[in-house]
Amino acid sequence: MRKQLIVAAVALSAMTLAGCTGGTGGGGGDSDPDSIRFLIGQPEDNADLDLTKADLAAFTEATGIEVKLDVVPSENMRTVLQTQLRSGEGPDVFGYDTGPGFAGALEEAGLLYDLTDAYADNDWPIYDFAQERVTFGGKIVGIPNDIESVGLFYNKDIFDSLGLAQPETLDDLTAAADVIRDSGVIPFAVSDKEGWQGGHLLSMVLSSEVGGDAMEGLIAGDTSWESPEVVDALDVLASYNSDGLFTPSPTAVTYDNANALFYSGKAAINPTGSWLAQDIERNVDFGVGYIPFPAQDGPGIFSGGLGSGLFISATTTKADAAIKFLDWNVTQEHGRWQVEEQQSIPAFPVDTEGIEATPLFTQIIADAAKIADGTGDFGYNVDVLMSDTFNEAMWDGIQAILTGQKDADQVAADLEKNF
Amino acid sequence: MTRRAQTRLGILLAAPVAIMTIVFFLFPLVNAVYYSLVDFNGINPNPAFIGLANFAEMIFDPEVWHALGNNLIWIIGGTAAPLIIGLLVSVLLWTTRRGATIYRIIFFLPYVLPGVAIGIVWGWIYDPVSGWLNQGLTAIGLGGLARGWLGDPNIALYAVLATAVWASTGFVIVILLSALRNVDVELVDAAKIDGANPPQRLWYVILPQIMPVFLMVLTLTLVGGFSVFDIIFIMTGGGPAGATNTIGTYAYSQAFELSRIGYGTTLALLITVLSVPFAVALNRLQRRLSLDGTGA
């Protein structure tokens, strides 16, 4: 009996320890070299997921490498990914944000595969500025998926019906918004329940007001976040909100609901990013324009940034197949497919001649090209470049402004403190 | 059976529970204490030992005290409202003969719905632009009361709490209804003959008889108030600007949004430290009343 108990205890201990100990390689234990596991966050629109699946099928057909797709809710991506990577049972390839708080943190912990040699071997033509965003400590660890900008989508039909021209300055925008509000339409479909939208609002107002170089100074820490320009930008948000130009109680409105207000014509302007262009075109039957948030003295500039990127787990046992998958994603054919089908802008030069695109997306591509080749001034989408702590202070701070809990000076001080 | 064989059998029979306690309670608890003593960001395999720094930070963190205040509101409101409403409704249903089963199903239904679904649906109801609540208020001429229920820092917590009360009252009703079946009706009738009015009969005759069950429900709702997380996380995420944060949502935010697993774990331990004494005290009181022969 005693012997049996000891055997049972040893077996149980072994099982427990085995359960607590991570595996040794990525891919979830699958040893097939021609099969990789690919983890992404759930896209906002299921149609985009279908496009991704079709793309993976095309890759499998072309290379013989099977891609097993795992999709997790975007808000859980960080937790799920970190847990999987630490356990050694992570995906071979995954889509993740490119900022220092995301890919940078994984690189710091040694969880990302070094792609520096792969870049040289495959001559991947990623734009320099984009490559810098996935380079940490001298190592290139990912390929950026796309370039994004944040600005104002506006309903041309509402503007035309109210006799409003496209705003060229901040005063124009304010005057137009006053007219729209007085007509019974919500001027700005602002949502901030999730919090991150506040970062985009500040990015677009501030970038236009101070310009790209000054934004770099703020992001690098050369300029204080308590500077008058930051306070002024925060004040614009506060005054627009108190003047009834934003959605009522924006901190109670979700991103999806604000978009629905714009789609249904109940709101005239949607301050968001170029990633929504395809959804807008799927959902509206009116003309849509896309402009930067205007500055005091001019039309302003778009805030640019990278979307997510593709990364390889440091512990993958299938690096060759994973690199082939990344290589597939930076081919000219894939870039054209990305523009045509996903309406997203690749982070490498793509010959768009002959591509069928709507006027709205054609304009977005042209604007993004200026960001990519450095010929135009552009601002920055702050949250993808800053730490989690700063972002939290920014998101909470703008919610506090929109709910009257803090004024612009207090929030600017919080931003500087959390920089 | 020899004494030694009896001992072996006892060990064998107790082993599954002992092992489960070690694996699912002691091991996580020790693990949590370890993480509270290190600066762990969720990915660094060798986090630095920082002693009691997380505990010191917790004491001086104003957001902890704000979150604790919200927990206190939740504990009081989220315990008292379901218990009072549940007690009154269950007594009404107890005396109802026709349609009692249908009423029970109707009242219990919210409790069996997933918390996530409840949070999402009530989020739609509270939506400031297209939500039914604001539209309903406007339709009956009370448009002045319409507001962004989940976006107003002065109201959001109570709006979420109202949803939680709606969801949990059914549980209280069903449990108390079961207890009421064991109430001695002759005592109630005697009190009635003696001139006791309905509130007096409820307070002096019915409630003492169901007190152990009442205390059990009280314990569950009270401890739930300390650890409340899911419905707040779904409906407000702790916002706007942290206005609806409780210790649970604040711990989550620190651990998984700011990658401060060590500090988040310290906050989670605080929940345990605060809630266990209440649970133990109420449990002892419940056992004492049972041993005294009071109640169902």
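The model is predicted, so local features need pLDDT of at least 70 and side-chain atom pairs count only at pLDDT 80 or more, while totals for chains, interfaces and linings use all residues. Residues are numbered from 1 along each chain as its sequence is written, with chains lettered from A and ligands numbered from 1 in the order in which they are written.

Chain A holds 17 helices and 14 strands (DSSP runs numbered from the N terminus, H or I of at least four residues for helices and E of at least two for strands). The C-alpha trace of chain A spans about 85 × 55 × 40 Å along its principal axes.

Turning to the interface, 31 residues from chain A meet 25 residues from chain B, where contact means C-beta atoms, placed from the backbone, within 7 Å. On the side of chain A that touches chain B, helix 16 of chain A gives the most, with six residues.

Within chain B, the axes of helix 7 (residues 156-180) and helix 10 (residues 211-227) come within 10 Å and cross at roughly 160° (axes are lines fitted to C-alpha atoms over the stretch in contact, and angles run from 0 to 180 degrees between N-to-C directions). Helix 7 of chain B is therefore roughly antiparallel to helix 10 of chain B, a label for angles over 145 degrees. Residues making this contact include Val172(B) and Leu176(B) of helix 7 of chain B, and Phe214(B) and Val217(B) of helix 10 of chain B.

Note on methods:
Contact = placed C-beta atoms within 7 Å. Parallel < 35°, antiparallel > 145°, perpendicular 65-115°, else oblique.
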